[in-house]
Structures are given as C-alpha cells and as structure tokens.
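Hi,

Here is the structure I promised to pass along. Have a look at it first, and then read on for what turned up when I went through it.

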Amino acid sequence: DIDGIDKDVRENFTATIEKLKAAGHTIKEIELPSLPKSLAVYYVVMPAEVSANLARYDGIRYGYSKDAEKLMQVYTESRGEGFGKEVRRRILLGTYVLSAGYYDAYYNKAVAVRRLITEELERAFTEVDVIATPTTPSPAWKIGEKTADPLKMYLEDIYTVTANVAGIPGISVPSGTLSR
C-alpha cells in the first residue's frame, strides 16, 4: 500500500487478488517495512557492481575496440562508443559510490540495508509462499517516452528490484491491459 501507484494499476492488481481468492487461494496481508528502501539499495549496489565488472572492458583485452593513435584514446573511445548512454551513467554512478570517502557513506550502508531486507523477506516466507505486488506503479509507457528523465524510469522498478536486492526469484505475470 505505497503511495504513487496509478489508480488503474491498483484496481487491476486488486481485481487479480480477488480472482485468486475466488479460485480458493488464501490471501494474507504482510508487512514489509523495508520494501521502499529496496529501490535506493538497488541503485547504490547495482551501479557499484556494474562499475567493478565493466572496468575490464577497456578495448584492449575485452570488449569493443576502437582504433586510435594513442592508448588513452583507445580506452576513452572504445568505452564511449562501446557502451550506451545508460551504461556509462551507471558506471559513473558506481565509480562514485565506490570511491574513497563515499564507500562507507553509500555502499556499506546499502549492503547493510540489503541484509535487513533479505532477513525481512526470509521471515515473511515462513508465513506465505508467494508475495504479490504490481510489477510497476504505472502502466507501460510508449518507447522513448521517459528516456529524457532517468529518475522517472528508475522509480518504475520499485517492485521488481526487491527480488534482485534479496537474491530471491521473481516473476512478472501479465494481469490485464490498460488503454491510454
């Protein structure tokens, strides 16, 4: 019951839960107070992992290689052309999060909160077999509609990133359509 869910998405989700009840499934509300923190944890930990893992793609040993006269040009042009805008954004954010002075302030705190989220979910799964949420807080948008505002796009991940943060399986199941 988090603010920011589109009215139509909420109604569609509620209708889906009612269908599950009618089919004989037991529905139980649970508290997941850390769920809203999942998004922040994800967008600290994930870029840090992206940055660390993609550091080896230098155009020499791994990945796309752009011919250039000087070694530094090979690095910069290979990474500039070989990675899209969003990948470069995540590498920069991850490098920042892992840099001296920010590692403890961001990364270590995010890892600690990830542990709390995982423990919270483990406790929840002693009471229930499945945790159901909408996949996104708003209906799908047209291709390219939100690319100018990455923050808006990132906020759409609120329900799906929790599984990634906790290292548990997740699935998105179509439950209806909305026309806009």
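**What I found**

Of the contacts in the chain between residues at least 6 apart in sequence, 66% join residues at least 24 apart. Do keep in mind that this is a predicted model.

Some overall numbers, to get you oriented. The secondary structure comes to seven helices and zero strands, so in sequence order you simply read α-α-α-α-α-α-α. The C-alpha atoms fill a box of roughly 70 × 40 × 25 Å along the principal axes. The radius of gyration is 20 Å, whereas a compact globule of 180 residues would have one near 16 Å. As for burial, 30% of the 180 residues in the chain are buried.

Start with helix α2 (residues 37-54) and helix α5 (residues 103-124): their axes come within 9 Å and cross at roughly 125°. That angle makes α2 oblique to α5, and the crossing is a left-handed one. On the α2 side the contact is made by K37, S38, V41, V44, V45, A48 and E49, and on the α5 side by Y106, Y107, A110, V111, V113, R114 and I117. Sorted by class, that contact has 10 nonpolar, one polar and three charged residues.

Next, α2 with helix α4 (residues 85-98). Here the axes come within 7 Å and cross at roughly 100°, which makes α2 roughly perpendicular to α4. The α2 residues taking part are Y43, V44, M46, P47, A48, V50, S51 and L54, and they meet V87, R90, I91, L93, G94, T95, V97 and L98 in α4. This contact divides into 12 nonpolar, three polar and one charged. If you are colouring residues, V44 and A48 are worth a label: they belong to the α2 contact with α5 and also to the α2 contact with α4.

That leaves α4 with α5. The axes come within 7 Å and cross at roughly 105°, so α4 and α5 are roughly perpendicular to each other. Y96, V97 and L98 in α4 meet Y103, Y106 and Y107 in α5. By class, the contact has six nonpolar, no polar and no charged residues. Y106 and Y107 also turn up in the contact of α5 with α2, while V97 and L98 are in the contact of α4 with α2.

I5 is in the segment before α1 (7-22). Is I5 buried or exposed? With a relative accessible area of 14%, I5 falls under the 20% cut-off and so counts as buried. Leaving out neighbours within four places in sequence, I5 is in contact with R10, P137 and Y159. I5 and S138 are 133 residues apart in sequence, yet their C-alpha atoms are 6.2 Å apart in space.

Beyond four places in sequence, E156 touches T135, T136, P137, S138, W141 and K146.

Last, S65 lies in the loop between α2 and α3 (71-82). At 40% relative accessibility, S65 counts as partly exposed. S65 touches G59, V74 and S78, not counting residues up to four places away in sequence. S65 and R79 are 14 residues apart in sequence and 8.2 Å apart in space, C-alpha to C-alpha.

Cheers

Methods
Residues numbered from 1 in each chain as written. Predicted model: local features only at pLDDT ≥ 70, side-chain atom pairs only at ≥ 80, totals over all residues. Heavy atoms only, no water. Axes fitted to C-alpha atoms, helices over the stretch in contact; angles between N-to-C directions. Helix = DSSP H or I, 4+ residues; strand = E, 2+ residues; numbered from the N terminus. Parallel < 35°, antiparallel > 145°, perpendicular 65-115°, else oblique. Left-handed = near helix turned anticlockwise from the far one by under 90°. Contact = heavy atoms within 4.5 Å. Nonpolar A, V, L, I, M, F, W, Y, C, P; charged D, E, K, R; others polar. Rg over C-alpha atoms; globule rule 2.2 N^0.38 Å. Buried < 20%, exposed > 50% of the residue type's maximum accessible area, 1.4 Å probe, protein only.
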